[in-house]
Amino acid sequence: MLTLDGRLSPTMPSLASNYADMNGRTQMRAALQQNQIHHRHMWIITGPAGCGKSSVAEYLAKELSIPYIEGDDYHTAAAKQKMGRGIPLDDVDRWDWLIKLREAAVARLSPSASSAVKDHTGVVVTCSALRRRYRDVIRVAAYEHHNVAVHFVYLRADEELLMKRVLMRQGHYMKSAMVHSQMEVLEEPDGTEQTMDVLEVDCSPALPQVQKNVVAKVREALADDV
């Protein structure tokens, strides 16, 4: 379990179960409408190495006219060196990174262009968020700031495709061997998470199509938050 600073606690109820108690997006939306909460949206672009997180995030941020945070920039030099040697990060490596990234995202929330309905505010963040407990660390933002809505955009692809893409990259510290290790620890969002706050997008098509599909899903989610 997680405390509000994103650390483990034996007593705090599961964030996932708290969300699930809302019985899905429909009841949550109705409750938010009743309380007239104007959300600031945190769009976390997730998935293993090679799924296109940075390219999709940059495109989405431009389309929504909101800030973009590259999660890799918040890794320590030691963590980058570790991954560069093909050594997977463990929970100790990731924990402070996730908290730092969450806090940076909250700090960067800023107004976006007006939609046809109302002004939305938000930030786009890249973060692999491979395991559910990692996503729960980010979800703490919605508990600390009740007008923040956290959304995960999960870019799904098989290992073979991801490996091909990583092998084509030049000069990146993330090596192809890391794809397999990330797929081994990956916990894909289940039905409960997808009902809560996860948008799943197939990233096997060409990048321009994936970018358009992500924007379409995000705009649909924004339209629901009225």
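This is a predicted model: local features need pLDDT of at least 70, side-chain atom pairs count only at pLDDT 80 or more; totals for chains, interfaces and linings use all residues.
Figure 1. The place of D91 is in helix α5, which covers residues 91-108. Leaving aside residues up to four places away in sequence, D91 touches R131, R133 and Y134.

**Figure 2. Close-up of the packing between helices α5 and α6.** Two packed helices are described by the angle between their axes and the distance between the axes. Here the axes of α5 and α6, the latter made of residues 132-144, come within 10 Å and cross at roughly 30°. Angles under 35 degrees count as roughly parallel, and α5 and α6 are therefore roughly parallel to each other. The crossing in which α5 passes α6 is right-handed. On the α5 side, the residues that take part are D91, R94, W95, L98, I99, R102 and V106, and they meet R133, Y134, V137, I138, V140, A141 and E144 of α6. An α-helix has 3.6 residues a turn, so residues three or four places apart point the same way.

**Figure 3. Close-up of the packing between helices α3 and α10.** Helix α3 (residues 53-64) packs with helix α10 (residues 207-224) at an angle of about 50°, and their axes are 9 Å apart. That angle makes α3 oblique to α10. As with the pair in the previous view, the handedness can be stated: α3 passes α10 in a right-handed crossing. From α3, the residues S55, V56, Y59, L60, E63 and L64 meet a set of residues in α10 that includes L207, V210, Q211, V214, V215, V218 and L222.

Figure 4. Strand β5, which spans residues 148-156, is mostly covered, since eight of its nine residues are buried. Strand β1 (residues 40-46) runs parallel to β5 and is joined to it by seven bridges, and in one place H41 has A149 of β5 as its bridge partner. Strand β6 (residues 198-202) also runs parallel to β5, and five bridges join these two strands; here L155 has V201 of β6 as its bridge partner. In a regular strand the side chains alternate between the two faces of the sheet.

Figure 5. A129 has a positive phi of about 45°, although it is not a glycine, and it is buried, with a relative accessible area of 2%. L130 also counts as buried, at 0% relative accessibility. Not counting residues up to four places away in sequence, L130 touches G47, P48, R94, R135, Q182, V185, L186 and E187. The C-alpha atoms of L130 and M183 are separated by 8.4 Å, although these residues are 53 residues apart along the chain.

Figure 6. S65 is found in the loop between α3 and β2, where β2 covers residues 68-69. The phi of S65 is near 55°, which is a positive value in a residue other than glycine. At 42% relative accessibility, S65 counts as partly exposed.

Figure 7. In helix α8 (residues 177-185), the residues M178, V179, S181 and Q182 are buried. The whole protein chain has 10 helices and six strands, and buried residues make up 47% of its 226 residues. Among the contacts between residues at least 6 apart in sequence, 77% join residues at least 24 apart. The chain exposes about 10,800 Å², and carbon and sulfur atoms supply 52% of that area.

Methods
Residues are numbered from 1 along each chain as its sequence is written. Side-chain values use heavy atoms; hydrogens and water are left out. Buried means under 20% relative accessible area, exposed over 50%, partly exposed in between (1.4 Å probe, protein chains only). Helices (H or I, at least four residues) and strands (E, at least two) are DSSP runs, numbered from the N terminus. Two strands pair if DSSP finds at least two bridges between them. Contact means heavy atoms within 4.5 Å. Accessible areas come from the Shrake-Rupley method with a 1.4 Å probe; for residues, only the protein chains shown count as cover. Axes are lines fitted to C-alpha atoms, for helices over the stretch in contact, and angles run from 0 to 180 degrees between N-to-C directions. Angles under 35 degrees count as roughly parallel, over 145 as roughly antiparallel, 65 to 115 as roughly perpendicular and the rest as oblique. A crossing is left-handed if the near helix is turned anticlockwise from the far one by less than a right angle, and right-handed if clockwise.
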